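Here is a short report on one protein model. Look at the sequence and the fold before reading on.

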Amino acid sequence: MSWRDFWNGDNPIYVSPRHKALHYRQIAKDIVGHIPAPDAVVLDHGCGEALSADHVAAACGKLYLCEAAPNVRDRLRAMFGQLGKGVVVAPEEVEALSEGSLDLVVANSLIQYLKPDELTALLGLWRAKLKPGGHLVLADVIPPDLGPLSDASQLLGFAWRGGFLKAALAGLVRTAFSDYRKLRAQYGLSTHTAEGITALIAQAGFERIERVPNFGHNPQRMAFRARVPL
Ligand SMILES: C[S@@+](CC[C@H](N)C(=O)[O-])C[C@H]1O[C@@H](n2cnc3c(N)ncnc32)[C@H](O)[C@@H]1O
């Protein structure tokens with residue numbers, strides 16, 4: 001099994017429907033906070049199930065939801081088929097978008113699953129598809145010193161606040177025996193120092209690279225915002 005197979009199947013990342021709903025509600029709110037104008041064209045790359053994408057779509061002119069896993073894309077299409085401003089796309093379809101056509105690209109909790117060459121290629125792709133003055137936001141970037149224990153304690157805090165603590169405790173036990181733990185041990189997750197990811201973003205041709213508050217529930221992970229030169 002690879003990460004791609006893992007995301008294409010039923011995964012144990014979310015410990016309950018409430019966890020999943022609260023997670024995606026928060027991510028949608030965080031994305032909306034970066035939308036520059038009501039007519040902005042936005043790409044959410046590696047969007048996952050994006051359960052609150054309707055909130056994001058309502059705040060922008062057009063929303064591309066890009067997801068690599070075909071089963072997840074099917075679920076997104078079933079859910080957001082009626083969403084006038086939302087388009088579900090595969091990664092190859094992002095490559096086909098016109099150069100300089102996007103105002104904002106967000107990728108939350110994506111780059112830890114990418115190898116260095118895949119990340120470099122995606123940074124170049126996003127740079128090409130963004131308009132001059134457009135922004136990239138990379139969120140949930142994992143620093144090298146953060147391990148699964150810290151993820152577990154942040155999840156428990158989120159669960160306590162969100163009223164799904166019992167499900168989270170059971171979920172952590174399930175995860176310990178799951179493919180996720182095995183894949184994490186086998187393939188690892190890509191980690192980045194703030195300096196390292198800043199240098200990669202700069203090499204791709206972005207400017208004004210800054211740390212911003214992370215998306216979602218884990219402030220120990222990092223987020224960065226960068227601009228395409230005008
Ligand atoms: C941890 S989930 C994050 C989902 C969502 N962004 C969120 O904040 O919850 C990572 C998602 O990225 C997708 N993915 C992985 N590699 C990708 C790629 N190269 N292009 C598009 N999607 C990708 C996976 O299939 C998975 O749904």
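## The sheet

Two strands count as paired if DSSP finds at least two bridges between them. This model is predicted.

In general, strands of a sheet pair through backbone hydrogen bonds, either parallel or antiparallel.

Strand β2 (residues 62–66) pairs with β3 in the parallel sense, over four bridges.

Strand β3 covers residues 86–89 and has two faces. G86 and V88 lie on the covered face. V87 and V89 lie on the uncovered one.

## The cores

In soluble globular proteins, nonpolar side chains tend to be buried together. Here the largest nonpolar core has 50 residues. A53, L65, V105 and V141 have the most contacts inside it. Apart from that core lies another, of seven residues, including V15, L155, F158 and F164.

What does L65 touch, not counting residues up to four places away in sequence? The list is D44, C47, A50, A53, L76, G86, V88 and V89.

## Around the ligand

The ligand is surrounded by 16 residues. The closest are W7, G46, G48, A68 and N108. By class, this shell has ten nonpolar, five polar and one charged residues.

Technical notes: Residues numbered from 1 in each chain as written. Predicted model: local features only at pLDDT ≥ 70, side-chain atom pairs only at ≥ 80, totals over all residues. Near = placed C-beta within 6 Å. Nonpolar A, V, L, I, M, F, W, Y, C, P; charged D, E, K, R; others polar. Buried ≥ 20, exposed ≤ 12 C-beta atoms within 10 Å, placed from the backbone. Core = buried A, V, L, I, M, F, W, Y, C linked by C-beta atoms within 7 Å. Contact = placed C-beta atoms within 7 Å.
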